[in-house]
Amino acid sequence: MDDTHLRALLGERHPFTSPASLRRAEDYLTEQFRLLGLDITTHPFKALGGTYRNVIATLPPFQASASPLPPLIIAAHYDTVEGSPGADDNASALAVMLEVARNLRRVPLTRSVRFIAFCLEEENLLGSLAYASSLQAAHEEICGAIVMECVGYARTEEGSQQKPTGVPVAVPTVGDFLGVVGNVVSAPLVRAVEAAANLAVPELKTVSLLVPGNGELLPDTRRSDHAAFWHHGYPAVMLTDTANFRNPHYHQTTDTLETLNLAFMEQVARAVTAAAIALCSITQATVIRRGKSVWKEAALAVPQLATLVASLMADRRVPAKVKATLAGVAAYLAMPFDLIPDFIPVLGYLDDLVLVILVFDGVLNQIDEAIVAEHWKGDPATLQRLRAMSRRAARFIPYWIKRKLFGPPL
């Protein structure tokens, strides 16, 4: 990744002390999105005694549809605190967002992607709160929001990473990873983003964190525009280098271009691109927010499971005993009749659901998750939900049955 966008955006961008620079950043982002051929709109909102704008650039799906899928949002804020040139916070994320837009513009996607540059993030998330509120008022669903907050600072020295107070996961002491933060509602989105990043950019280390509620018990997890989406019940993740827990220049006059790691930013751009492709190259909504039964979803996923089983059968990395069990499963799924006919309400799906539970539980215990993700052709979030469901449901299936079918867990 070159530093062209960083150099253009660098400089204090504050609504009171440098409003002209804030407007120049808005104009630059608008022009860059226009040059990429995206559809540009602005979302004006009243705040701080004036009118400010979120810049929205939309990449439409490959084919128009009468029932379009909910869009994916990729976002970053373009304002700064007073006195800071804002290289890491948050020109780094804006540059990555523009790179992702460039990467995706010729990819055939089944849902639209909205690239949003939020204003006034540093002023209590005013821009993103106004936008998320407008989504809710319009009863508009989204696939999810990937919000980037400080993604340009990385170090390799021991002790370069600090752990935020109260975080319940292990945090490395070397600041060379990307944090992926979501709440429980956003868990499928977190897993889908992290899985896509790990597959596409294995050299990029990631550390994920799921917080209860909207992160009220861990205020440090709420310090960016993703929290505005949480507030209105939408799934969202924050991608971050952890800001002041790693970067000593955070919100300082020394937050300059020279402190950034462009190679790390390039990895982040590739990871977000991969996540967007995974989330937008599917035929169903990735994040289900209301009303859909996970059991019905599991039943509907049986054909995709059959395809997965067939693919795993051909993969040399899968143990022979597991393949033997999967062969029996594939044969059963291919049969024109069931032990319990499908036309019988509820019970008709029971044998298939037990099979789904057994197979997913066995696959998760015996086959590397990356291999399963590689062969799964459906919605990655559905895969994550089925994993979670099967783990819970399989507790009621005797251990000796699972061991007989798949062998001991790895």
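Everything here comes from a predicted model, in which local features need pLDDT of at least 70 and side-chain atom pairs count only at pLDDT 80 or more, while totals for chains, interfaces and linings use all residues. Residues are numbered from 1 along each chain as its sequence is written, and side-chain values use heavy atoms, with hydrogens and water left out. Helices and strands are DSSP runs numbered from the N terminus (H or I, at least four residues, for helices; E, at least two, for strands).

Two packed helices are described by the angle between their axes and the distance between the axes. For α5 (residues 187–200) and α7 (residues 262–280), that's about 120 degrees and 8 Å. Axes are lines fitted to C-alpha atoms, for helices over the stretch in contact, and angles run from 0 to 180 degrees between N-to-C directions. The two helices are therefore oblique to each other (under 35 degrees counts as roughly parallel, over 145 as roughly antiparallel, 65 to 115 as roughly perpendicular, and the rest as oblique). On the α5 side, the contact (heavy atoms within 4.5 Å) is made by L189, A192, V193, A196, A197 and A200, and α7 brings R270, A271, A274, A275, A278 and L279. These residues split into 11 nonpolar, no polar and 1 charged. Here Ala, Val, Leu, Ile, Met, Phe, Trp, Tyr, Cys and Pro count as nonpolar, Asp, Glu, Lys and Arg as charged, and the others, Gly among them, as polar.

The other pair is α2 (residues 19–35) and α3 (residues 87–104), with axes that come within 10 Å and cross at roughly 15 degrees. That makes α2 roughly parallel to α3. Y28, L29, Q32 and F33 of α2 meet L94, M97, L98 and A101 of α3, giving 7 nonpolar, 1 polar and no charged residues.

## What's inside

Across the whole protein there are 14 helices and 8 strands, and 54% of the 410 residues count as buried (buried is under 20% relative accessible area, exposed over 50%, partly exposed in between, with a 1.4 Å probe and protein chains only). The largest nonpolar core holds 66 residues, and F33, I74, M97, F115, M148 and L239 touch the most other members. Such a core is a set of buried Ala, Val, Leu, Ile, Met, Phe, Trp, Tyr and Cys residues joined through side-chain atoms within 4.5 Å. Beyond its neighbours within four places in sequence, F115 contacts residues including F33, I74 and M97. A second, separate core has 22 residues, among them I142 and Y234.

V151 is worth a click too: it sits in the loop between β5 (144–149) and β6 (177–183), yet V151 is buried, with a relative accessible area of 0%. V151 and S92 are 59 residues apart in sequence but 5.8 Å apart in space, C-alpha to C-alpha.

Most residues other than glycine have a negative phi, and most peptide bonds are trans. D89 and N90, though, are joined by a cis peptide bond, with omega about 15 degrees, and N90 is in helix α3.

Phi of N124 is positive, near 60 degrees; N124 lies in the loop between β4 (113–118) and α4 (126–137) and is exposed at 64% relative accessible area. H139 also has a positive phi, near 55 degrees. You'll find H139 in the loop between α4 and β5, exposed at 72%.
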